[in-house]
Amino acid sequence: MGSDGILKNKRRRIKELKNVTKRQRLDPKLFKRLPAEIQKDTSLLKYWRSRYRLFKKYDQGIKLDSESWYSATPEVISRMIAERCTCDLIIDGFCGAGSNSIQFALTSKKVIAIDIDPIKIELAQNNAKVYGVSDRIEFIIGDYYALAPTLKADVVFLAPPWGGPKYSQKTTFNIDDIMPSNGGGKHLYELTRQITKNIAFFLPKNIEHKQCISLAGPGNLAEIESNYLNNRLNSKTLYYGDLISIKDK
């Protein structure tokens with residue numbers, strides 16, 4: 001085995017040891033009540049401890065998978081975005097477990113929630129029922145990139161995967177680090193621009209501002225909103241088109 005393989009095995013053993021240590025610290029009765037995905041990976045415990053920030057109705061039947069624990073938008077932030085995006089028809093291009101789609105359904109007339117992962121759609125449908133908004137959301141299992149040319153809406157909300165929790169370790173997050181195998185964030189924006197000019201782009205807190213502003217194109221504006229959770233910067237939302245709240249007079 002080469003040095004790279006030895007190093008990887010060592011890191012894996014360290015991670016496994018840390019997980020065992022966390023399990024030992026937990027009350028056995030509490031551990032048995034944890035969701036299966038967290039029992040399997042206790043590194044998700046920090047997200048579980050913030051479960052009511054993700055979904056205030058968590059105890060009423062909310063379901064998440066491992067990825068959703070760290071990718072769901074905290075409810076206070078998703079509600080604020082939804083209020084700004086109020087319209088007749090909004091598309092959530094990467095709906096995940098439904099944290100944003102649910103809030104959109106509370107402020108807009110109709111929501112189209114898309115995700116390529118059938119499991120995410122199943123979770124989102126369940127969670128929408130918990131919030132009583134299923135009748136206002138059309139769920140679609142599909143690839144947003146393939147569907148985009150056929151879609152029409154007043155507003156499109158984009159919250160694509162950021163590549164997992166390690167995104168925060170970067171000093172600056174490049175717009176083309178967004179789904180690079182699909183052409184990056186610039187391509188995603190340009191594809192969405194064919195649907196509507198009214199776009200809300202949910203991005204990491206360390207996103208490079210100039211790149212985001214340049215997406216709007218010459219002579220057009222972009223607005224950057226910093227999202228805070230418990231007085232700490234959590235993320236940023238880029239608004240384009242008529243979603244911009246402050247216009248140059």
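View 1. Buried here means under 20% relative accessible area, with exposed set at over 50% and partly exposed in between (1.4 Å probe, protein chains only). This is a predicted model, where local features need pLDDT of at least 70 and side-chain atom pairs count only at pLDDT 80 or more, while totals for chains, interfaces and linings use all residues. Residues are numbered from 1 along each chain as its sequence is written, and side-chain values use heavy atoms, with hydrogens and water left out. Lysine 120 sits in helix α9; helices (H or I, at least four residues) and strands (E, at least two) are DSSP runs, numbered from the N terminus. Leaving aside residues up to four places away in sequence, lysine 120 touches Asp65, Glu67, Ser68, Gly96, Ala97 and Asp115. A contact like this means heavy atoms within 4.5 Å.

**View 2. The largest nonpolar core has 74 residues.** Such a core is a set of buried Ala, Val, Leu, Ile, Met, Phe, Trp, Tyr and Cys residues joined through side-chain atoms within 4.5 Å. Among those with the most contacts inside it are Phe55, Trp69 and Cys85. Helix α9 (residues 118-131) gives the most to this core, 6 residues in all. Zoom in on cysteine 85 and you'll find it touching Ile90, Phe104, Ser108, Val155, Ala200, Tyr239 and Leu243, again not counting residues up to four places away in sequence.

**View 3. Seven strands make an open sheet in the order β3-β2-β1-β4-β5-β7-β6, with mixed pairing.** At the edges stand β3 (137-141) and β6 (222-229), each with a single partner strand, so one side of each has no neighbour in the sheet. From one strand to the next, the twist averages 20°. Two strands pair if DSSP finds at least two bridges between them; β1 (residues 89-92) and β2 (residues 110-115) do so in the parallel sense, over 4 bridges. Isoleucine 90, for one, has valine 111 in β2 as its bridge partner. Helix α9 lies across β2 and β3, running at about 165° to β3.

**View 4. Helices α7 (residues 75-84) and α8 (residues 99-107) cross at roughly 45°, their axes coming within 8 Å.** That angle makes α7 oblique to α8. Axes are lines fitted to C-alpha atoms, for helices over the stretch in contact, and angles run from 0 to 180 degrees between N-to-C directions. Under 35 degrees counts as roughly parallel, over 145 as roughly antiparallel, 65 to 115 as roughly perpendicular and the rest as oblique. Residues meeting here include Ile81 in α7 and Phe104 in α8.
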